[in-house]
Amino acid sequence: MYLGALAWLGLIVLGLLRQAPIQTDAGLLLFGIIMIMSFAPKIATLVDVLLRPRLRAAYGGGLRIACSALLETVLTLLVAPISAVAVSLFILGLPFGRRVGWTSQQREAHGLPLSDAVRCLWPQALLGLGLAAGAWYAPSVSIWFVLPVIAGLLLGVPLAMLSASPRLGRKMAQKGLCRTPEEAWSQLALGNAAASAAPHGAVASPASLFAGRAGPSIGTNP
């Protein structure tokens, strides 16, 4: 699994250095198979949520689900090469004594300073510049195939800062974008705490939404 990231980047670099003609049919077939394997679980889950009215409503409706899925897909495509470079650098550093420790995760929302983003992601930006130059001078390479990789590497620093921004996360949650039913449920729970004794103030729990049946709710007695 970890060697896959290194092999992927190696294939991209070798493809830019290749001078012989490329078999377009075989390349498109391989590309299609990889895309199907990568996106089939995502598409199946999206269809399942859209076909279940209660679950669709829990995620904010069809339009918000579609917009959230599109944003998540674009972000995934851009972050994939960033992660691949980070994993590759770690693997290449292992023979030279590089080690990593297992520390506790920071689950509280906090921003990422520009200095930290640049310090961690400058190799990605440097490789992105190199790939962009190689794609520019390699006439046999279609820019559309390497554009997501190059864009992700060059945009690593601003992407890291934006994705770590608590302010952006709150705004997206307020708009119902990329928000889970658990987040919506907790907000409704806080908003209905004062009216928990009201018979019409019940809010279904997230587990019942996935199970497709009525479950424990806020504002009702067991």
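In the protein chain, 69% of the contacts with a separation of 6 or more join residues 24 or more positions apart; contact here means heavy atoms within 4.5 Å. The model is predicted, so local features need pLDDT of at least 70 and side-chain atom pairs count only at pLDDT 80 or more, while totals for chains, interfaces and linings use all residues. Residues are numbered from 1 along each chain as its sequence is written, and side-chain values use heavy atoms, with hydrogens and water left out.

The protein chain holds ten helices and two strands. Both are DSSP runs numbered from the N terminus: helices are H or I runs of at least four residues, and strands are E runs of at least two. From the N terminus, the order is α-α-α-α-α-α-α-α-α-β-α-β. The accessible surface of the chain comes to about 15400 Å², computed by the Shrake-Rupley method with a 1.4 Å probe; for residues, only the protein chains shown count as cover. Carbon and sulfur atoms contribute 70% of that surface. Of the 222 residues, 22% are buried. Buried means under 20% relative accessible area, exposed means over 50%, and partly exposed lies in between (1.4 Å probe, protein chains only).

Nonpolar cores were identified next. Such a core is a set of buried Ala, Val, Leu, Ile, Met, Phe, Trp, Tyr and Cys residues joined through side-chain atoms within 4.5 Å. The largest has twelve residues: Ala5, Leu9, Ile12, Leu16, Ala84, Val85, Leu131, Ala135, Val146, Val149, Ile150 and Leu153. Helix H1 (2-17), helix H4 (62-93), helix H5 (114-137) and helix H6 (143-154) each give two or more residues to this core. Another core lies apart from it, with seven residues, among them Leu78, Ile82, Leu121 and Ala160. Within the largest core, Ala135 touches Leu16, Ile143, Val146 and Ile150, leaving aside residues up to four places away in sequence.

The whole structure contains zero disulfides, a disulfide being a pair of cysteine sulfur atoms within 2.5 Å. For Cys67, the nearest cysteine sulfur is that of Cys178, 9.5 Å away. Cys67 is partly exposed, at 33% relative accessible area. Cys120 is also partly exposed, at 46%.

Arg179 sits in the loop between helix H8 (166-175) and helix H9 (181-191). Arg179 counts as buried, because its relative accessibility is 18%. A polar atom of its side chain lies 3.2 Å from the backbone oxygen of Ala173.

Notes. A polar contact is a pair of N or O atoms within 3.5 Å; within protein, one must be able to donate a hydrogen and the other to accept it, and residues adjacent in sequence count only if both atoms are side-chain atoms.
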